[in-house]
Amino acid sequence: MSKDTVWTRAEVESPCIQVCVVHPEERICTGCLRTIDEITRWSKMAPQERTEIMQELSTRAPRLKKRRGGRNARLKR
């Protein structure tokens, strides 16, 4: 390895997109779709656990697209 070569680890990248807003009902980040626990523990997780979470994230997106009831829900209040 030459003196100009920088050593890096082959780690799973974070899915963070710098949009850190936790959905009040689903309790997942609307940016990266991780739970608060997953975000907190990310740097301490084993690569296999990170990979498993990354594979699951796409299944969480529909949870944030639920309709809240629109006009009818407001009228019932």
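The protein chain holds three helices and zero strands, where helices (H or I, at least four residues) and strands (E, at least two) are DSSP runs numbered from the N terminus. Read from the N terminus on, the elements run α-α-α. The model is predicted, so to speak of its local features requires pLDDT of at least 70, and side-chain atom pairs count only at pLDDT 80 or more, while totals for chains, interfaces and linings use all residues. Residues are numbered from 1 along each chain as its sequence is written, and side-chain values use heavy atoms, with hydrogens and water left out.

Of the 77 residues of the protein chain, 21% count as buried; here buried means under 20% relative accessible area, exposed over 50%, and partly exposed in between (1.4 Å probe, protein chains only). The chain exposes about 6,500 Å², of which carbon and sulfur atoms supply 52%. Accessible areas come from the Shrake-Rupley method with a 1.4 Å probe, and for residues only the protein chains shown count as cover. Among the contacts (heavy atoms within 4.5 Å) in the protein chain with a separation of 6 or more, 44% are accounted for by residues 24 or more positions apart.

His23 counts as buried because its relative accessible area is 18%. The side chain of His23 reaches the backbone nitrogen of Glu26 at 3.0 Å, a polar contact being a pair of N or O atoms within 3.5 Å; within protein, one must be able to donate a hydrogen and the other to accept it, and residues adjacent in sequence count only if both atoms are side-chain atoms. Leaving aside neighbours within four places in sequence, His23 is in contact with Ile28, Thr30 and Leu64.

Thr30 also lies in the segment before α1. With 34% relative accessibility, Thr30 is classed as partly exposed. Not counting residues up to four places away in sequence, Thr30 touches Val19, Val21, His23 and Leu64. The C-alpha atoms of Thr30 and Arg60, which are 30 residues apart along the chain, are separated by 9.8 Å.

Ile17 has its place in the segment before α1 and is exposed, at a relative accessible area of 52%.
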